[in-house]
Amino acid sequence: MAKRVSSVHDPATHKPPFGSRFLTDDADVWSQNAWDHVPPPPDQHAAIAASLARQRAAPVPDDHKPRYNDKPAKHWDNFYKTNASNFFKNRKWLHLEFPELVAATEPTAGPRTVVEVGCGAGNAILPLLAENRNPALHIHAFDYSAHAVKLVQHNPLYAAPPCGTIAASVWDLSSASLPPGLAPGSADILVLVFVLSALHPAEWPRAISNLAQIVKPGGLVLLRDYGRHDLTQLRFKSGRLLDDNFYIRGDSTRVYFFELDELAVLFTGAPAPSAQVEVHTREVAEDDNDPDDDAHTPTPTDTGASTPSSSPAQDEPTPAPALHASLRDPTALGLAHPLFAAAQLGVDRRLIVNRKRQLKMYRVWMQGKFRRTERAAPAQ
C-alpha cells in the first residue's frame, strides 16, 4: 500500500500534511518501517560527536589524497563497469518531489529543455523520457563518467524515444568549459541529484558558475543531496575522511555531507532564512524502508543505533551548523551573487526501522529548488 508523506517539512512549525507518518509515542517505533521528520534524540548528539572524533583521529593521509582527487571520473567509471546499470533503482520519487518535471512532459507544455547533470545510468532521466508526451521536450544528460554515458546511450529508449529528443554526452560539471551541444542559458530545468556531494569543495564555485550559465533566467535547478550527520556519514570507518564532512567510499568515489546554509551560500550568496521551509509530498511504498537506497550509500550496521524522541527538535540544544571553510566568506567564491534565489530549501529527515534486527537508522537529505536570477555568471 502506498502513502503520501512530506519530504521537506518542519513538524515544529507546520501542521502535519495528510498521510504523513509521525512518531508520537516511542512505544510505536517498531510498528512501521519508517517514520517521517524524526528529530535526533538527546543521546544522538553524543553519538555524532564520538563518530566524528573517531574519523578525525585517522583521516586519509595527505600523500594518499591525490589518488582520489586528481582523476575522480576514473573511479566512477570503475564503479559503473562493475555495477553496470543494476546498482541504482529508477528514481520514481522524482515526479512527486519535483512536479515541474511532470509538467514539462505534458502534451501542451510547449518547448522545454531539461538537463540532468550527473545522469549516471539514466535512472532519473530515462523514466521521464518514457512517460513524456511533449513532442517539444528536449532532454540533455551529462556525466563525467564515460561508462555511465554509454549505459544511457545503449538504452533502447535512447535510440528510439517515444516522444521528444534526448542527447547524452560526457561532461565534467567542474570543468572550465560548458557542456557540448547545449546553448548557454537554454535549460528550463536542471536536475542535480546526489552530484555536488561528489565534487571536492574547491570545485564548487566553478560548478555553480557553470550551472548559472546553463540555466535560463527564471529556470530552476532541482537539487537533492546528502545531509550533515546522515547515517551513512556516521558509519564511515577510520581512513576515509578526506576533509571536514568529505569522505572516500570503499570504491574510491567521494561524498560530502551538506548543511542547508552551505547550499544557500553556494547558490544565493547568503545563508538560508530560518523560516524557509517548504512542504510537499512523496509517495512511499509501505514496505519500502529506504526510498533513497539507490543513492550509493554504504550498508547500515547496528553500530550507534539510538532511541528516537518524539519531542520537538527545538527542545534539545543543537550545535550551530558549521560552514565549510571555503564558504565562510561568500565574496571569496568569485561568483556574481545572487545567481539564484531559493524557491525551496529544506531537510528531509527519516527514521528507518529494521524491525527484524531491531535497528534504528537516521537518514538526512537536503533538498532545494533554486530559480535563476537575471544576472549573468562571471567567467572563472
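Predicted model: local features only at pLDDT ≥ 70, side-chain atom pairs only at ≥ 80, totals over all residues.

Reply: Helices (H or I, at least four residues) and strands (E, at least two) are DSSP runs, numbered from the N terminus. Residues are numbered from 1 along each chain as its sequence is written, and side-chain values use heavy atoms, with hydrogens and water left out.

Is P201 buried or exposed? P201 counts as buried because its relative accessibility is 2%; buried means under 20% relative accessible area, exposed over 50% and partly exposed in between, with a 1.4 Å probe and protein chains only. Among the 380 residues of the protein chain, 52% count as buried.

What does P201 touch? Leaving aside residues up to four places away in sequence, its partners are D243, F246, Y256, H324 and S326, where contact means heavy atoms within 4.5 Å. F246 is 45 residues from P201 along the chain, yet their C-alpha atoms are separated by 8.6 Å. Across the protein chain, 80% of contacts between residues at least 6 apart in sequence join residues at least 24 apart.

Now for a sheet. Three strands make an open, antiparallel sheet in the order β8-β9-β10; two strands pair if DSSP finds at least two bridges between them. β8 (241-243) and β10 (254-256) are the edge strands, each pairing on one side only. Strand β9 (residues 246-248) is joined to β8 by two bridges, and Y247 in β9 is the bridge partner of L241.

L241 and Y247 turn up again in the lining of the second largest cavity, together with L52, Q55, R56, D244 and N245. A cavity is a set of points on a 1 Å grid over the protein atoms alone where a 1.4 Å probe fits but cannot get out, and lining residues have an atom within 4 Å of a point. This cavity holds about 40 Å³ of space, a volume being the space filled by probe spheres set on the points, which are joined across faces, edges and corners. Helix α1 (residues 44-57) supplies the largest share of its lining, three residues.

Conventions. 1 Å grid on protein atoms, 1.4 Å probe; cavity = no way out; pocket = protein on both sides within 12 Å on 5 of 7 lines; lining within 4 Å.
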